Amino acid sequence: MPNNDAVTVDTADREGDSVALGTDQARPNAGPRNPIETRLQAVITAARFHGVELDRGTMRLAPNSGSPSPAMLVDWLRNAGLWARADRLRWRNLMKLKSSAPVVLLFSDGSAGLLVGVNAARHVALIKDPSAPAGEPPVPVDELRLSQLWHGETLMMRPQRGLAEEEQPFDFSWIFRMVVRERRILRDIGAASLTLSVLTILPPLVVMMVIDRVVVHHSMSTLALISLMLAIAVVFETALGYARRELIAVCGTRLDTRLNLHVFNRMLGLPLDFFEKNPAGQTTHRMYQVYRVREFITGRMLSTFLDLFTLFVLLPFLFYLSATLSWMVLASAVLISMIIFAFLRPMRRTYGKVVRAETEKSTVLVETVHGIRTVKSLALEPQQKDQWDFKVANAGVYRLEAARLANWPNTLVTPIERFAERGVLLVGAYLVLTGQSDISIGALLAFMMLGFRVAQPLVSMARLLEEMEEVRAAIGEVGTVLNNPQEASSRSAGLRPRFAGALKFEDVTFAYPGTKAPALKDISFEVTAGTMLGIVGKSGSGKSTITRLLQGINRTYDGYLKIDGIELREIDLPHLRRSFGVVLQDNFLFRGSVRDNIIASRPGLTIEDAVRAARLAGAEEFIERMPAGYETIIEEGSPNLSGGQKQRLAIARALICDPRILILDEATSALDPESEALVNANLLRIARGRTMVIVSHRLSSLTECDQILVLDKGKVMDLAPHPVLVERCAVYRQLWLQQNRHMEKHGNRPTAVGPVLAQGD
Ligand SMILES: Nc1ncnc2c1ncn2[C@@H]1O[C@H](COP(=O)(O)OP(=O)(O)OP(=O)(O)O)[C@@H](O)[C@H]1O
Ligand SMILES: [Mg+2]
């Protein structure tokens, strides 16, 4: 978007009430303004009014994508813990705004203005230019001028009231509230249904008249009139039927979308702990149960809701036709409901079993797919097959049990349903024949046509309850995942300091939840910003645990862990993680191009940034040799990359946002000596200007570190540079000697450290 024709409310050129909604030439010392910046600034200023400091870095803007959309801004605000909504307002809505909080008006050129007040008497809105200096007074703008720029798009925000949507338990009442939010559409659907119901009365009414009047009195003109009425009714019914289906489709889609977005968001907000403790298959299957909830909401629930309308309209009419028969229909419906009710409890129990069995089944499936390499290479197929057979049989047993149980109410209900539909006719005929009732033949037929329409909604309500049991089980399943405490409860809170990278552990003791022995005991050490810190120790000594605490994955430690003197738990979690780069032993690369993988965490960055990061990570050379260079597509599980290449890509990915602190946890352990040497050769270059935490089994790759932390069984043994450690730390010396004997055997002894070793001996 060219900047020079950006039209903004200009505060610089202000005389009386007239405002130059003009071009930038009116602004003396400002170059052409960037509408995107103006828009972001408007939102940031408005959020600040509510005490929330938005982080500019969290607004992910793709290059050349233009201004952030209202939906993106709403997301941004919500993630920062504000209530936010984008809406289309009219001028008269603006005039009625009472709140003193600024409202963001999104302009059509991609920029925005802040509405800080209105003067209804003079028909002006007071608008502030977000990029104007703080003290500048707002500009009064009238409707005509505003309409040149503003077509109604408005962003409103306020502090959250009560529990954030993310923190409310996922259950029936949550779903109910979500449905209620669509009340506008629901109201329209209701109105359409009501009209439709009235129209359904028409044909039976007509039949009644035709039989009673036309047939009996042979009146041709009445027949013509009735035909006309019927024709009109058909047209109406067709049109309204269309409208109703359309509305149901829209409403269903909206509910479905909202449900899906919410569920995924919540899942992402769960702590890593949760995923480590629960098998992926189980979690996936449980989350997948959402589809049942969706089907229920958009299917049975909506249609039953609409059928109820029909009921309200039809019942009085039926009673008008014949009270006796109506009572009989009602009694049948009640009987049916009672039968279904009686089976609810046992059904709930059996469905619970079915769902559990299904979950176990899919756990095996997902595990097998994920671990298929191991399954194949160890020839575990028969075992997996046995497991699967067993689970399938199990699920089958429960399914059959549930189906058999459900068969009972269905069977019992059938005769009663038939009675309500047809038996009533016989009773009616009997009443007419014996002269006990004054119901006419026409009315009897009309009743016949409508009677089942009343019984149906009643029965379907009872069925709704039955289905609700299934859905309750499904919601319960989804809830066991989503209702775990969210990691991001500290999402909006916390400090966002600019890190230098000094790390300090003060008496940190930590045990994983559910374990007795602490993984870390009274850890105390300190390194300055820019240190290259190595961590060594035997397997299980707590090295990875230290890096996990640093990333805020586990936050339930005792003692203090400070970054630049700020206790870690007081730092905003997303901010903390963004300040870290992490490379693990086995890194997951997403499906997509090499470039996309490198800039995964910063979609706004360009190919130049990707190249720079790749060069720093030593990945440039092999990427350029790939068939399509940076555009080469990496498949899931990255089979087209070697281990070393994958690792260097992962390092490039971690470097892309220039993290203040870079953690490499066994990042080079799985590499062959050549690839390892390549990565290590770059480490010093990578380390420039940031704190590095390097965990490694191979001491040879740590000799360059400024400081090396030696851990043993969760305790700090020593902290010093390599030469010092070799001399004074027994644990370290032992590890060092072990590894170098091994190296010597292969004639691959690192030459650089030879003299040091000699000293140590
Ligand atoms: N998610 C977890 N849940 C429970 N206990 C854990 C968890 N992760 C690690 N532990 C335990 O904590 C201790 C320290 O583990 P940690 O992963 O920090 O060791 P490490 O030094 O990184 O070992 P390695 O060199 O094998 O990677 C171990 O005894 C381990 O059993
Ligand atoms: Mg480890």
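How many helices and strands does the secondary structure of the chain come to? The answer is 24 helices and 20 strands, where helices (H or I, at least four residues) and strands (E, at least two) are DSSP runs numbered from the N terminus.

Please note that this is a predicted model, in which local features need pLDDT of at least 70, side-chain atom pairs count only at pLDDT 80 or more, and totals for chains, interfaces and linings use all residues. Residues are numbered from 1 along each chain as its sequence is written, while chains are lettered from A and ligands numbered from 1 in the order in which they are written.

I turn now to one sheet. Four strands form an open sheet in the order β10-β9-β12-β13, with antiparallel pairing; two strands pair if DSSP finds at least two bridges between them. At the edges are β10 (520-527) and β13 (566-567), each of which pairs on one side only. Between β9 (residues 503-510) and β12 (residues 558-563) there are 5 bridges, and K504 has K562 in β12 as its bridge partner.

Across β9, β10 and β12 lies helix α15 (residues 543-550), at about 115 degrees to β9. Here axes are lines fitted to C-alpha atoms, for helices over the stretch in contact (C-beta atoms, placed from the backbone, within 7 Å), and angles run from 0 to 180 degrees between N-to-C directions.

Finally, the ligand. Helix α15 gives the most to the shell around ligand 1, with 3 residues. The residues around ligand 1 (C-beta atom, placed from the backbone, within 6 Å) include E276, Y512, K543, S544 and T545.

Key:
Contact = placed C-beta atoms within 7 Å.
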